Amino acid sequence: MERSLETQVSQAVDAWLRWLPRWEPATHRGRVAPCRRCFGSPVLSAAGLGSDVPHGVQHGLSTRIKTIVDHAVAEYTARNLPLLQSELDQQATRNRARSYRPAEGLEPEFEGLPLDPDPIPGQPFLFTLSGMADEADADVPALPPLSAEAKAALRQEVGLADDYANMVGREVCAILLHHRLRIQAALAEYVEPQVEALLRELSESLDAPFGPTEPPPGTVF
């Protein structure tokens, strides 16, 4: 029997809570562009994950919830939207024909993130994962073009799928409200202490820019 939406959301939150103790603050350079999946997400707002929560913590939950919505929309499309389903099937077949698919099979904490770090001015990359993926994609024949009538019908079905996704998304947000207390408790236990430790370390480094045995320049004894 198909699991209810409430059960799926509860299991997604459970999985995120099991992962959360393994989270550690990132030590690499942060990205300039915000994550399109997480920035302004109503899902994160419903879960109580505000902008003060590190993005890595947010992303793991938003991706798991997105999977639930995507699955519901896929079932709705298969039942009710034959043109869109046919287009998706063709695109899936084309994707499987690519020789290199680095964005597939990732853990929820990494799914949807950029494949490559932000470029550094004056330090070009020898190669990028996204560049190699584009090269593999160029080797696969494009899908056949659609007629004007087919494009209009497909746009209509895409609109229906979007409406259904929004409906499911609102239901998911309502369900997430009931999980806020345990989400906040987990943040207080596993995330906030690590963030506070980072802030203390940063404050100490700003107050003491020189090492304990290294006198500042110009010191006369």
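Reader: Before we start, what counts as a helix here?
Author: A helix is a DSSP run of H or I with at least four residues, numbered from the N terminus. The model is predicted.

Reader: Good. Where does Glu109 lie?
Author: Glu109 sits in the loop that runs between α4 (82–96) and α5 (129–138).

Reader: Is Glu109 buried or exposed?
Author: Buried. The relative accessible area of Glu109 is 9%, so Glu109 falls under the 20% cut-off.

Reader: Which side chain does Glu109 make a polar contact with?
Author: Arg64. The two side chains are joined by a polar contact of 2.7 Å.

Reader: What else does Glu109 touch?
Author: Setting aside residues up to four places away in sequence, Glu109 touches Trp19, His59, Gly60 and Arg64.

Reader: What is Leu49 in contact with?
Author: Leaving out neighbours within four places in sequence, the contacts of Leu49 are Trp16, Leu44, Gln58, Leu61, Ile183 and Leu187.

Reader: How far apart are the C-alpha atoms of Leu49 and Ile183?
Author: They are separated by 8.4 Å, although the two residues are 134 residues apart along the chain.

Reader: Salt bridges next. How many?
Author: The count comes to 6.

Reader: Which residue does Asp14 form a salt bridge with?
Author: Arg182. The closest N and O atoms of Asp14 and Arg182 are 2.7 Å apart. Asp14 lies in helix α1 (residues 5–19) and Arg182 in helix α7 (residues 180–207), so this pair ties together parts that are 168 residues apart in sequence.

Reader: How accessible are Asp14 and Arg182?
Author: Asp14 is partly exposed at 26% relative accessibility. Arg182 is partly exposed too, with a relative accessible area of 31%.

Reader: What about Asp137, which partner there?
Author: Arg94. The closest N and O atoms of that salt bridge are 2.7 Å apart. Asp137 is in helix α5 and Arg94 in helix α4, so the bridge ties together parts that are 43 residues apart in sequence. Asp137 is partly exposed, at 27%, whereas Arg94 counts as buried at 13% relative accessibility.

Reader: Last topic, helix packing. At what angle do α3 and α6 pack?
Author: About 140°. The axes of α3 and α6 (residues 148–176) are 9 Å apart.

Reader: What is that called, parallel, antiparallel, perpendicular or oblique?
Author: Oblique. Roughly antiparallel starts over 145 degrees, and roughly perpendicular covers 65 to 115, so α3 and α6 are oblique to each other.

Reader: Left-handed or right-handed crossing?
Author: Right-handed, as α3 passes α6.

Reader: Which residues meet?
Author: From α3, Ile65, Val69, Ala72, Val73, Tyr76, Thr77 and Arg79. They meet Leu160, Ala161, Tyr164, Ala165, Val168, Gly169, Val172 and Leu176 in α6.

Note on methods. Residues are numbered from 1 along each chain as its sequence is written. This is a predicted model: local features need pLDDT of at least 70, side-chain atom pairs count only at pLDDT 80 or more; totals for chains, interfaces and linings use all residues. Side-chain values use heavy atoms; hydrogens and water are left out. Contact means heavy atoms within 4.5 Å. Helices (H or I, at least four residues) and strands (E, at least two) are DSSP runs, numbered from the N terminus. Buried means under 20% relative accessible area, exposed over 50%, partly exposed in between (1.4 Å probe, protein chains only). A polar contact is a pair of N or O atoms within 3.5 Å; within protein, one must be able to donate a hydrogen and the other to accept it, and residues adjacent in sequence count only if both atoms are side-chain atoms. A salt bridge is a side-chain nitrogen of Lys or Arg within 4 Å of a carboxyl oxygen of Asp or Glu. Axes are lines fitted to C-alpha atoms, for helices over the stretch in contact, and angles run from 0 to 180 degrees between N-to-C directions. Angles under 35 degrees count as roughly parallel, over 145 as roughly antiparallel, 65 to 115 as roughly perpendicular and the rest as oblique. A crossing is left-handed if the near helix is turned anticlockwise from the far one by less than a right angle, and right-handed if clockwise.
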